[in-house]
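Please read it alongside the sequence and coordinates.

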Amino acid sequence: MTEPTAPAALRATRLGRKFRGGWALRDCDFELPAGRVTALVGPNGAGKSTLFHLATGLLRPTEGGISVFGAEPGTPAARDRTAFLAQDKPLYPRFTVEETLRFGRELNTDFDQESAERIVRAGNIRPDVRVGTLSPGQCTRIALALAFGKRPELLLLDEPLASLDPLVRVEVMGLVMAEVADRGTTVVMSSHVLSELESVCDHVLLLQHGAVRLQGDTQQLCAEHVRITGRAEESAPDGLPAALDRAAVVESAVTGRQARALVRTSGSLGLAEDRWITETPSLEDLLLAYLRSDPARTPAPGAPEAAA
Ligand SMILES: Nc1ncnc2c1ncn2[C@@H]1O[C@H](COP(=O)(O)OP(=O)(O)OP(=O)(O)O)[C@@H](O)[C@H]1O
């Protein structure tokens, strides 16, 4: 029996945003499923923060559109269901921690004061200290407490792990997982720490140069790719076997006498098993391969596997 399709938490159609310097996002089509944890990844300047700002109504699209559970970002229908942890964590420095949480409660009728206080207490932050005296990591904790306290259906986290020490990063990931498990919250989280995303994210949206490079269920995407390693073919400039001539090679490299490649495939590549090792890539390996490769030379997922 096929499962009913969950409604999209975020849906973008031909989404574009232009600044004075040019397009930050252009022609973006994607659907982020509800109840899942999506990793939003891409190099610096790829358009991740711009996307968050469009999803929260802080920016308006120049072209196309984006919706939150079917509603226009920034409208009460979308705003009430969304919490956003921005990269620069805009908090009032003169407020104490206690006053900051009270402010959150006053702005949100269903504010979960207990959860917010628990997150603050776990960081050993005194309620009477001014926010302006806290470290960047401690400010992240306060901003997270406000975001979680809102009990949103959609939690947008722009680089929540930046500035956190390793133990707190693990704790934050645990908080996100608990929120998803307990309340079915949809989470979209951007991060450059690819190794830490694999255990929490089950969906991915990879942006590059303002365009969607890769999107989908993480397990499915990994299963649709193969990492091959073997002795480089001397007769081939790229070191790869002739069997891959018409395959969708995402990236390849020759180091000494060894050749490695990441290939998108839906079936067997027909490689000699005694010469080539084939493995399913990890999410980190997959994402790094796409980030390193040239989008213009890599077939888009969904395109025919081999050039005609
Ligand atoms: N307010 C703005 N005015 C002008 N240009 C902007 C503005 N905001 C973003 N940009 C440009 O849009 C592009 C995308 O920026 P954005 O901050 O969305 O990238 P990002 O993927 O979040 O990067 P990072 O990983 O460094 O945070 C960049 O070229 C940036 O300079």
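1. The ligand is surrounded by F19, R20, G21, A24, G42, N44, G45, A46, G47, K48, S49 and T50, where a residue counts as near a molecule if its C-beta atom, placed from the backbone, lies within 6 Å of it. This shell divides into three nonpolar, seven polar and two charged residues; Ala, Val, Leu, Ile, Met, Phe, Trp, Tyr, Cys and Pro count as nonpolar, Asp, Glu, Lys and Arg as charged, and the others, Gly among them, as polar. Helix 1 (residues 48-55) gives the largest share of the shell, three residues.

2. The model is predicted, and local features need pLDDT of at least 70, side-chain atom pairs count only at pLDDT 80 or more, and totals for chains, interfaces and linings use all residues. Residues are numbered from 1 along each chain as its sequence is written. Helices (H or I, at least four residues) and strands (E, at least two) are DSSP runs, numbered from the N terminus.

3. Helix 1 is largely enclosed by the rest of the structure, because six of its eight residues are buried; buried means 20 or more other C-beta atoms within 10 Å of the residue's own, exposed 12 or fewer, and partly exposed in between, with C-beta atoms placed from the backbone. The buried residues of helix 1 are K48, T50, L51, F52, L54 and A55. Just after this helix, G57 has a positive phi of about 80°.

4. Strand 3 (residues 37-41) is mostly covered, with five of its five residues buried. V37, A39 and V41 point one way and T38 and L40 the other. In a regular strand the side chains alternate between the two faces of the sheet. Strand 3 runs parallel to strand 7 (residues 186-190), joined by four bridges, and T38 has V188 as its bridge partner there. Four bridges also join strand 3 to strand 8 in parallel, where T38 stands opposite H203. Two strands pair if DSSP finds at least two bridges between them.

5. Most residues other than glycine have a negative phi, and most peptide bonds are trans. D27, in strand 2 (residues 22-33), has a positive phi near 55° and is partly exposed, with 15 other C-beta atoms within 10 Å. E159 lies in the loop between strand 6 (154-158) and helix 6 (166-183); its phi is positive, near 50°, and E159 is buried, with 20 other C-beta atoms within 10 Å.

6. The protein is divided into domain 1 (8-218) and domain 2 (224-297), with bounds from an automatic or database domain assignment. Their centres, taken over C-alpha atoms, are 35 Å apart. Twelve residues from domain 1 and eight from domain 2 form the contact, contact meaning C-beta atoms, placed from the backbone, within 7 Å. On the domain 1 side, strand 8 (203-208) and strand 9 (211-217) each supply at least two residues.

7. An open sheet of four strands has the order 11-12-10-13 with antiparallel pairing. Strand 11 (248-255) and strand 13 (276-279) are at the edges with a single partner strand each, so one side of each lacks a neighbour in the sheet. Four bridges join strand 10 (residues 225-231) to strand 13, and W276 is the bridge partner of G230. Helix 8 (residues 283-292) packs on the sheet, touching strand 10, strand 11 and strand 12 (258-264), and its direction makes about 90° with that of strand 11. Axes are lines fitted to C-alpha atoms, for helices over the stretch in contact, and angles run from 0 to 180 degrees between N-to-C directions.

Terms used
Contact = placed C-beta atoms within 7 Å.
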